[in-house]
Amino acid sequence: MSLDVTALLDDLTLPEKASLTSGSSFWFTAPVERLGIPAIMVADGPHGLRAQPGAGDHVGLGDSVPATCFPTASAVASSWNPALLRRIGAALGQEARARNLSVVLGPGINMKRSPLCGRNFEYFSEDPHLAGELGLGIVEGIQSRGVGTSLKHFAANNQETDRMRVDAQVDERTLREIYLPAFERIVTAGRPWTVMCSYNKVNGTSASENPWLLTTVLRDEWGYDGLVVSDWGAAYHRVPALWAGLDLEMPPDLPRSPEAVVAAVRAGELDEAVLDARVRAVLELVDKGMAVLELDEGFDADAHHRLARAAAAESVVLLKNGSTAGGTPVLPLAPSERVAVVGEFARTPRYQGAGSSQVNPTSLETLLDELTAAHGEVTFAPGYTIGGDGAADDALRAGAVTAAAAADTVVMLLGLPGADESEGFDRTHMNLPANQIATLRAVAAANTAVAVVLVNGATVLLGDVEPHAAALVEAWLGGQAAGGAIADVLTGAVNPSGRLAETVPHRLEDNPSYLNFPGDSRVVRYGEGIFIGYRGYDATRSDVAYPFGFGLSYTEFALTDLDVTLTGSVAGGDLAAQVGVTVTNTGAVAGAEVVQVYVRDLEASVARPVRELKGFTKVDLEPGGSERVTLTLDQRAFSFWSIRRNGWVVEAGEFAIEVGRHSRDLPLVHTVTVDAPSIAEPLGPDSTLHEWLADPVGARLLAEAAAAGQPDPTRDPELLPLLGPAPMSALASMHGLSVDHDTLDKLVERLGGRSGPV
Ligand code: BGC
């Protein structure tokens with residue numbers, strides 16, 4: 001069964017075409033029965049299907065059929081393992097097939113500009129390279145099962161505050177270097193069936209009506225040939241959206257939208273060829289998606305649950321592992337230890353976020369059950385209420401202290417109540433609830449061996465936790481099997497190998513976006529530019545609680561023998577670097593290390609981040625095991641987006657390749673010298689005096705003019721710092737300071753477009 005798209009375009013009437021560019025209901029495209037065009041179904045979401053058999057909604061209210069709830073994006077991002085994302089994707093794809101569902105609405109790959117964004121649990125990272133590689137994994141996994149994806153939300157959708165109206169004002173270099181690369185990577189390498197445009201405006205124009213985003217960048221530059229769907233309700237004006245490149249409006253605004261499209265074509269306001277292009281994209285999507293319609297398949301819920309558990313365990317980040325009084329590390333728990341589990345979250349798990357990504361899980365593990373199963377009898381005290389504070393908490397606190405005092409080690413869960421973070425609004429602070437911190441203090445006063453386990457979607461401040469936590473485990477929102485996964489890490493059945501995909505600052509105010517988040521008056525200005533996340537903390541040399549890329553293990557690793565070889569050339573457009581390094585597990589247990597490669601431009605004519613992640617790989621090693629890994633960096637890894645040249649540029653000079661285990665532990669450094677064509681602009685009237693003097697020919701010509709009687713701008717060394725930054729044409733207007741206009745014109749003519757320094 002397939003569609004003859006070209007023939008159908010000839011047969012469709014104008015109203016039928018218009019109807020196809022809107023859906024038919026909340027989760028279905030529009031069918032045209034007369035021509036055998038079926039409706040296909042789409043559904044959220046990023047970490048599990050939210051397929052709704054009944055009336056649909058996009059805020060997570062209505063029921064959905066049971067589906068495996070995998071760890072949320074902020075969790076799996078910490079795995080730094082695209083292969084794991086591929087496996088999760090394949091499982092999601094299979095679950096979609098089992099529901100005859102053609103497109104999964106995910107992944108969400110927006111950058112974590114601020115830790116406050118309410119949807120950070122649905123996004124991967126503050127780093128575009130990491131988000132791109134992980135998102136690519138999940139797209140490849142889902143699409144390997146013949147099911148489509150929707151890469152979202154395109155673009156600059158980095159907050160929930162006023163998300164449908166806010167204008168994200170972002171300069172082009174920042175868009176190109178920070179907010180677009182993950183999309184670009186996945187679009188070009190993964191060819192997602194659909195891209196979902198965001199609700200917000202980008203530099204004054206709604207994403208759904210933005211021809212620069214949807215046509216110039218996405219299609220013309222990146223070669224995208226799939227479909228662009230609106231976020232649910234983001235197609236604000238039908239006709240401009242069609243012109244701009246939006247193919248499909250979801251959910252449909254019926255009958256208004258198709259009627260408006262028909263009227264616009266009849267009135268000559270919409271070119272029918274434009275409508276045809278949109279209809280073609282819809283038909284091509286339906287053609288691909290209809291393959292699942294007649295399937296009668298199921299999925300192995302137990303196997304998917306096991307995968308969810310393994311994924312959640314691989315996503316756990318061990319932040320701290322101090323020693324007990326006996327001198328052994330607090331974690332993993334020894335089998336003979338008496339363990340007290342404190343925290344309501346141990347029996348009432350928080351494992352996913354709220355909103356459109358909310359999944360109805362096939363089963364649900366609790367830490368209490370799973371730790372009891374793995375470790376043996378534990379005592380339990382709820383210790384606090386979730387979201388409350390008051391007399392009830394006082395009583396619970398006393399119970400927790402009693403339990404803690406009688407135990408060798410306390411496992412204490414702390415986390416954000418569900419109401420604190422969700423789609424639809426942003427957080428206003430990064431703190432854990434005060435009632436939980438009060439219980440932690442009381443517990444730690446009774447027993448110093450406290451292993452704190454955090455359950456939260458977005459990062460939280462840890463200043464109140466650190467002094468009372470002998471060990472600290474970031475478990476994120478780990479999905480339906482998070483309970484077992486945490487137990488696996490606590491007991492040592494799994495050696496933690498997660499690494500932070502986002503920085504944990506000491507204070508919210510330290511975050512680079514702080515002064516410009518979430519904006520006001522319907523505008524948010526991305527004032528920090530390219531300096532988001534660690535790029536900002538590194539540039540201002542701010543101390544942070546835990547740096548980007550950080551994570552401990554129950555074993556130790558050594559990185560040695562860094563070797564970097566450059567191949568190709570900038571002029572040929574194929575510069576590449578092969579980065580080789582040896583990883584050795586020097587500890588006593590098997591584990592996985594994440595080798596991280598950062599590039600630092602040592603001589604740049606523009607402001608650049610101190611360093612940027614450009615490569616990483618995860619290596620599993622037995623104790624004593626060693627492996628040589630090679631990572632390839634491409635030309636883009638050395639480039640910046642030049643606003644003067646309107647393109648990617650590599651500047652000649654030295655670059656440091658820094659290799660290590662997180663962004664602030666990069667012991668291996670190799671400096672390479674890159675040869676590249678000059679990016680200097682030709683000297684002209686608006687080049688400054690300094691620029692003329694820095695160029696040997698320009699300097700000689702000025703000296704010749706002075707010798708011929710023209711005023712010499714260099715004659716007074718004290719004036720030179722003042723005159724030097726001024727354009728020559730401006731100096732020429734100030735009689736007596738430099739050469740006159742006629743002379744300047746002649747000098748420029750003699751230069752004939754010759755390049756000088758920028
Ligand atoms: C969200 C999307 C989601 C859509 C459909 C919107 O509110 O922003 O991420 O895919 O709803 O549920």
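Is Glu593 buried or exposed? In this predicted model, local features require a pLDDT of at least 70 and side-chain atom pairs count only at pLDDT 80 or more, whereas totals for chains, interfaces and linings use all residues. Residues are numbered from 1 along each chain as its sequence is written, and side-chain values use heavy atoms, with hydrogens and water left out. Glu593 has a relative accessible area of 1% and is therefore buried (buried means under 20% relative accessible area, exposed over 50%, and partly exposed in between, with a 1.4 Å probe and protein chains only).

Glu593 is paired with Arg661 in a salt bridge, with 3.1 Å between the closest N and O atoms; a salt bridge is defined as a side-chain nitrogen of Lys or Arg within 4 Å of a carboxyl oxygen of Asp or Glu. Because Glu593 belongs to strand S20 (residues 591-601) and Arg661 to the loop between strand S25 (653-660) and strand S26 (668-674), the pair ties together parts that are 68 residues apart in sequence. Helices (H or I, at least four residues) and strands (E, at least two) are DSSP runs, numbered from the N terminus. Arg661 has a relative accessibility of 24% and so counts as partly exposed.

The whole structure contains 48 salt bridges. In one of these, Arg163 and Glu423 approach to 3.0 Å between their closest N and O atoms. Arg163 is located in the loop between strand S5 (148-154) and strand S6 (167-169), and Glu423 in the loop between strand S14 (409-415) and helix H15 (434-446), so that this pair ties together parts 260 residues apart in sequence. Both Arg163 and Glu423 are buried. A further salt bridge joins the side chains of Glu365 and Arg309 at 3.3 Å, N to O. Distant parts of the chain are linked by this pair, 56 residues apart: Glu365 lies in the loop between strand S12 (339-342) and helix H13 (367-375), and Arg309 in helix H12 (residues 301-315). Glu365 and Arg309 are both buried.

Thr194 was examined separately. Thr194 belongs to strand S7 (residues 194-197) and counts as buried because its relative accessibility is 2%. The side chain of Thr194 forms a polar contact of 2.7 Å with the side chain of Ser150 (a pair of N or O atoms within 3.5 Å; within protein, one must be able to donate a hydrogen and the other to accept it, and residues adjacent in sequence count only if both atoms are side-chain atoms). The Thr194 side chain also reaches the backbone oxygen of Thr149 at 2.9 Å. Not counting residues up to four places away in sequence, the residues touched by Thr194 include Val103, Leu151, Tyr224 and Leu285, where contact means heavy atoms within 4.5 Å.
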